[in-house]
Amino acid sequence: MAGMFIRELLRFRHTIFVNPTLLLPSSKPNRFSSPFYSTSSKALTFSHSTLSLLDSCPDIKQLFQIQAHLITSGLFHNPFWAEKVLKHSSTFSNIDYTVSTFRCIDNPGTFCVNTVIKAYSFSTFPHQAVVFYFQMLTNGCFVPNSYSFVPLLGSCAKVGCSKSAQKCHGQAVKFGVINKLPVQNSLIHMYGCCGVIEFAMKVLVEMSERDLVSWNSFIDGCVKVSELSLAHKLFDKMPLKNVISWNIMINGYLKGGNPGCALKLLREMVKTGVVGNEKTVVSVLSACCKSARLKEGRSVHGFFIKNGLKSNIIIDTALVNLYSNCHKVGLARRVFNKIENRNLVCWNAMILGHCIHGNPEDGIKLFMDMVDQSRVRGGGGISPDEITFVGVLCACARSGLLAEGRNYFSQMINIFGIKPNFAHFWCTANLYVRVELVQEAEEILRQMPDGNEDVSSDSLLWANLLSSCRFREGVTVGKRIATSLIAKEPENISYYQLLLNVYAVAGQWEDVAKVRQIMKERRIERVPGCNLLDLKEIVHNLKVGEQWQKSVEQRDTKLAELTQRSS
């Protein structure tokens, strides 16, 4: 281990210590002594310098150097320095380095274990926090405290596994930290993220003390399971609200497909004197975008500028989406041109804005600029994804660019390795219809992969996007193909999915409902497999169905009592 860090030290050769000769102690320090193990002025200067460097360490490269010096000087064996290095290593989002540092510590205690659990909870492997916790528990390395469970329960929330959640809940009870407010709040958040709102409510009801985080966590859980009416009822009865409370409800209505209520809540928030933050601005801009409310969107943009909120790529991308969706593509492009470090989402927003709401040729040109920039950087730039090609193929369909459309469809598959979905087939079919190649359009739709379980969800995902294109001729062709296929094979679910897709992307939701009703009457659905797991699930669902009404009534009674006590 020491060799590895010394190699890193030699690789990064700039001097970070005033006097490197101070790194060679005269004798090996006692690991249980003070971190400033020697009273000599040189040793004290070294310790204070190292501590100052650790506290102001700007990046992981410098931390490598500091750790290498601590190892060669023998200081790393002192728990004070080992814990300091471990703590700082966890702040650089490099979980491998953090775990490697942890393994080099002699007899790591609870603080060290908690640091690694927290690092895992913020990493891309949050499930490993649970694995690591139980490994350390089995090895007898530590006794958990309340600081162990907050990141541990947060990891369960990110994973969304109710089984792991209940297991960790049991551990909190076992080690006597269940009555700690941060742990209880973490439990509410965890069960809300796992979709087990009844368990979250049980924790909330049994709490002797509740704070704003408790209420926000529970309301957020209700929003996550689409219990918007219950969430709003509790929101109205909250003894105190902050900007997070308002953001939760605004986002809830936005994700629930009700941007009007989201904007109404914003007006109420302004009246109460609560000042929104960047997240509020993004949510409200998205609401204005979905409902094509240009006036309100401009007001929010003005509010953002007037209050001096710091611009970032998320807000700028939301503005690009807003102005594009409201057919003000020129304004969207002005915002886009001012963005310095653009990501793929930002590029896609502007490309789709041109391709669907503005001049299709401008969208194709912008797409080519993005690809060219990636090539200039040797492939290290931004590469298009499936959303990008929906915009490009839509532009080709709108402009009747047959050769270009075929070329881009081929590039998508053969160069960028993107598997086409319903949206790509749909745009290509409409391109053929536009140039009066109806037979080829029909062939494209007929040749879509059968048995694709995600086709229907794909169409719903792209419905709002593709309905803006209004390919009316394509809808007629698609409907004719789907109905003829259903007539030939009335039991084939794929053909019903095609018809659902056609109506969905055309925004004909009443026809979508009619097709679903026909499928229900004809019992066209996926039949569960006849294995023990499926049978167990069916029996469980029957029991839940019988007890559901009773549990809802009990829940509402408990929450009514709870809000009365809190008000």
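This is a predicted model: local features need pLDDT of at least 70, side-chain atom pairs count only at pLDDT 80 or more; totals for chains, interfaces and linings use all residues.
User: How is the packing of two helices described?

Analyst: Two packed helices are described by the angle between their axes and the distance between the axes. In this structure, take helix H4 (residues 79-89) and helix H5 (residues 95-103): their axes lie 9 Å apart, at an angle of about 165°.

User: What does that angle say about how H4 and H5 run relative to each other?

Analyst: Angles over 145 degrees count as roughly antiparallel. H4 and H5 are therefore roughly antiparallel. Their crossing is left-handed.

User: Which residues of H4 and H5 meet?

Analyst: On the H4 side they are Val85, Leu86 and Ser89, and on the H5 side Tyr97, Thr98, Thr101 and Phe102. By class, the contact has four nonpolar and three polar residues, with no charged ones.

User: At what angle do H16 and H17 pack?

Analyst: Helix H16 (residues 278-290) packs with helix H17 (residues 294-306) at about 160°, and the axes are 9 Å apart. H16 and H17 are therefore roughly antiparallel to each other, and the crossing is left-handed.

User: Which residues form the contact between H16 and H17?

Analyst: Val281, Val284, Leu285 and Cys288 of H16 meet Glu296, Gly297, Val300, Phe303 and Phe304 of H17. This contact divides by class into seven nonpolar, one polar and one charged.

User: How should I read H7 and H9, and at what angle do their axes cross?

Analyst: Again, start from the angle and the distance. The axes of helix H7 (residues 127-139) and helix H9 (residues 162-174) cross at roughly 40° and come within 12 Å. Angles under 35 degrees count as roughly parallel and those from 65 to 115 as roughly perpendicular. At roughly 40°, H7 and H9 are therefore oblique to each other. The crossing of H7 and H9 is left-handed.

User: What meets what between H7 and H9?

Analyst: From H7 come Val130, Tyr133, Phe134 and Leu137, which meet Lys167, Cys168 and Gln171 of H9. The classes here are five nonpolar, one polar and one charged.

User: Now the second largest pocket. How many residues line it, and which lie nearest its centre?

Analyst: A pocket can be read by its volume, its lining and the classes of residue in that lining. The second largest pocket holds about 710 Å³ of space. It is lined by 30 residues, and His189, Asp220, Lys224, Ile248 and Lys279 lie nearest its centre.

User: Which helices each supply at least two residues of that lining?

Analyst: These are helix H6 (110-121), helix H8 (146-159), helix H10 (181-193), helix H12 (212-224) and helix H14 (243-255).

User: How does the lining of the second largest pocket divide by class?

Analyst: It has 14 polar, ten nonpolar and six charged residues.

Key
Residues are numbered from 1 along each chain as its sequence is written. Side-chain values use heavy atoms; hydrogens and water are left out. On a 1 Å grid over the protein atoms alone, a cavity is a set of points where a 1.4 Å probe fits but cannot get out, and a pocket is an open set with protein on both sides within 12 Å along at least five of seven lines; lining residues have an atom within 4 Å of a point. Grid points are joined across faces, edges and corners, and a volume is the space filled by probe spheres set on the points. Helices (H or I, at least four residues) and strands (E, at least two) are DSSP runs, numbered from the N terminus. Ala, Val, Leu, Ile, Met, Phe, Trp, Tyr, Cys and Pro count as nonpolar, Asp, Glu, Lys and Arg as charged, and the others, Gly among them, as polar. Axes are lines fitted to C-alpha atoms, for helices over the stretch in contact, and angles run from 0 to 180 degrees between N-to-C directions. A crossing is left-handed if the near helix is turned anticlockwise from the far one by less than a right angle, and right-handed if clockwise. Contact means heavy atoms within 4.5 Å.
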